[in-house]
Amino acid sequence: MPVNRIILIRHGECHGNRDLEQFATVPDYTIELTEKGMEQAREAGAKLKTLVGDESVYFYISPFWRTRSTFEQIAGSFPISQFIYSEEPRLREQEWGYLRTHDELKELLRERKEYGSFYYRFPGGEAASDVYDRINDFLGSLHRDMNRPDYPQNCVLVTHSLAIRLFIMRWFHLTVEEFEAMKSPKNADLIVLEYNSETQSYDLKTPLESDAANVLRSRPIKLQ
């Protein structure tokens with residue numbers, strides 16, 4: 001039986017969001033939430049509790065410290081009997097490669113913006129297309145999980161901005177250009193996919209903002 005909702009939550013504000021140099025000098029997985037990020041995560045927990053009420057929840061959590069902390073704050077809105085959780089490394093942030101100087105990182109980010117974030121691969125790291133492959137593999141596991149008769153009524157992924165956009169791209173079979181046009185969700189935003197019994201599919205209740213101009217750069221497929 002389908003779950004009622006699949007909910008994607010970006011972590012709260014982290015120190016890297018406030019100071020880009022963190023990503024150049026500190027191992028990405030250790031970057032933690034700011035005080036503001038902790039409060040955002042608590043607010044996200046309250047919103048999630050209001051949304052699902054007393055329904056059961058399964059949380060999949062990126063193992064990065066900022067996503068762990070976000071989950072811990074969210075979980076404070078729930079009795080422990082209402083949810084189960086597991087860490088899911090395939091939901092981790094894109095690998096940015098080696099530690100670099102701030103100027104080197106700024107140059108790589110400039111190159112990625114010009115080249116296109118889906119195909120651009122950080123030296124020693126990943127392209128968004130690699131993360132897409134991870135998400136695609138995770139979806140196979142998720143479908144198997146959701147087919148269990150004892151699976152909870154709601155599925156929540158606590159993850160990162162890029163992973164959320166790539167999940168939406170893969171789930172709704174969007175093009176690369178439509179992915180590139182998607183804007184990042186804000187920290188601790190809830191992106192809700194809700195099951196529609198009439199269409200037997202999931203509706204995106206909180207679509208991400210997009211830049212339509214980027215979609216227009218798409219090269220159409222010509223069928224002979």
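Student: What are the ground rules here?

Tutor: The model is predicted, so local features need pLDDT of at least 70, side-chain atom pairs count only at pLDDT 80 or more, and totals for chains, interfaces and linings use all residues. Residues are numbered from 1 along each chain as its sequence is written, and side-chain values use heavy atoms, with hydrogens and water left out.

Student: Why are α3 and α4 called oblique to each other?

Tutor: Helix α3 (residues 35–52) and helix α4 (residues 65–75) pack at about 50°, with axes 7 Å apart. Axes are lines fitted to C-alpha atoms, for helices over the stretch in contact, and angles run from 0 to 180 degrees between N-to-C directions. Angles under 35 degrees count as roughly parallel, over 145 as roughly antiparallel, 65 to 115 as roughly perpendicular, and the rest as oblique. The α3–α4 angle falls in the rest, so the pair is oblique.

Student: Which residues make that contact?

Tutor: Contact means heavy atoms within 4.5 Å. From α3 come M38, A41, R42, A44, G45 and L48; they meet S69, T70, Q73 and I74 in α4. By class, the contact has five nonpolar, four polar and one charged residues.

Student: What makes β3 and β6 edge strands?

Tutor: Two strands pair if DSSP finds at least two bridges between them. The open sheet runs β3-β2-β4-β1-β5-β6, with mixed pairing. Strands β3 (83–87) and β6 (201–204) each pair on one side only, and are the edges.

Student: How do you know that β5 pairs with β6?

Tutor: Count the bridges. Four join β5 (residues 190–196) to β6. The definition asks for at least two, so they pair. The two strands run antiparallel. N196 stands opposite S201 in β6.

Student: Which helices pack on the sheet?

Tutor: Helix α3 touches β1 (5–10), β2 (57–61), β4 (154–159) and β5, and its direction makes about 175° with that of β1. Helix α6 (residues 128–146) touches β1, β2 and β4, at about 160° to the direction of β2.

Student: What does F138 touch?

Tutor: Y60, E88, R90, L91, L157 and F167, not counting residues up to four places away in sequence. F138 and R90 are 48 residues apart in sequence, yet 6.5 Å apart in space, C-alpha to C-alpha.

Technical notes: Nonpolar A, V, L, I, M, F, W, Y, C, P; charged D, E, K, R; others polar.
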